[in-house]
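User: I've got a model open and would like to go through it with you. Can you start with the terms you'll be using?

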Amino acid sequence: MDVPVSLEHQVHGKERVRVARVWREGTVHHFVEWMVGVVLESDMEHAYLNGDNTGMTATDTMKNTLFESSPLKYGSGLAVTVTWLLLQVTGTKITVQQSPWERVCVQGEAHCHGFAQSGSETRVAEVYLADGRKPVVCSGFSGHKVLKTTQSGYEGYIHDQYTSLPDTRERMVATSVDAKW
């Protein structure tokens, strides 16, 4: 017995495209790195249901579009570019994560072109653009690790048959914080 198949929602895209930019001011170099993801919405159900890639955007095209865009245009500019270039696309979600890099010191002096990753958090920007709508932009950070070694009591909570920890006024607390706005 044949059962009809339909897709309620499908997307395709390219994740983890590493984009790095170096700019030079004399002998001093500056560096920034992004990890970019692109998710496209389009009427490409036939690719999934029939194995027909006609009209499908290749992941290589998405990757190379990222490299062609200026770092100053990331976010909403990239969403507009991708949506405009790929006419069959009805919606685009762009995610940009910026890694924290800082100049290293050698013998007490800032190195002109040496960098090391610092901090635990990653800056994040997301842009969603759909046909005929204004872009929805969200930014924030992820993976910010915090620790407090004392005065982090936890008491007054509900105790039932599954509770095994006693109330305490003195404990250590550590967590990882993600925030978006």
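This is a predicted model: local features need pLDDT of at least 70, side-chain atom pairs count only at pLDDT 80 or more; totals for chains, interfaces and linings use all residues.

User: Okay, is Gln151 buried or exposed?

Analyst: Look in the loop between β7 (136-148) and β8 (173-180); strands here are DSSP runs (E, at least two residues), numbered from the N terminus. Gln151 is not a glycine, yet has a positive phi of about 55 degrees. Most residues other than glycine have a negative phi. With a relative accessible area of 61%, Gln151 is exposed.

User: And what is the relative accessible area of Gln107?

Analyst: Gln107 sits in the loop between β4 (101-106) and β5 (109-117). Its phi is positive too, about 55 degrees, although Gln107 is not a glycine. Gln107 is exposed, and its relative accessible area is 81%.

User: How many disulfides does the count come to?

Analyst: A disulfide is a pair of cysteine sulfur atoms within 2.5 Å. The sulfur of Cys112 is 11 Å from the closest cysteine sulfur, in Cys105, so that is too far for a bond. Cys105 is exposed at 58%, while Cys112 is partly exposed at 31%. The disulfide count comes to zero.

User: Which residues is Asp131 in contact with, leaving aside its neighbours within four places in sequence?

Analyst: Asp131 is in the loop between β6 (122-130) and β7, and is partly exposed, with a relative accessible area of 48%. Contact means heavy atoms within 4.5 Å. Leaving those neighbours aside, Asp131 touches Thr83, Val89 and Thr90.

User: Last one: which strand gives the most to the lining of the largest pocket?

Analyst: On a 1 Å grid over the protein atoms alone, a pocket is an open set of points where a 1.4 Å probe fits, with protein on both sides within 12 Å along at least five of seven lines; lining residues have an atom within 4 Å of a point. The largest pocket is lined by 14 residues, and Trp34, Val96, Val124, Ala125 and Ser139 lie nearest its centre. β3 (89-98), β6 and β7 each supply at least two lining residues. The biggest contribution, four residues, comes from β6.

Key:
Residues are numbered from 1 along each chain as its sequence is written. Side-chain values use heavy atoms; hydrogens and water are left out. Buried means under 20% relative accessible area, exposed over 50%, partly exposed in between (1.4 Å probe, protein chains only).
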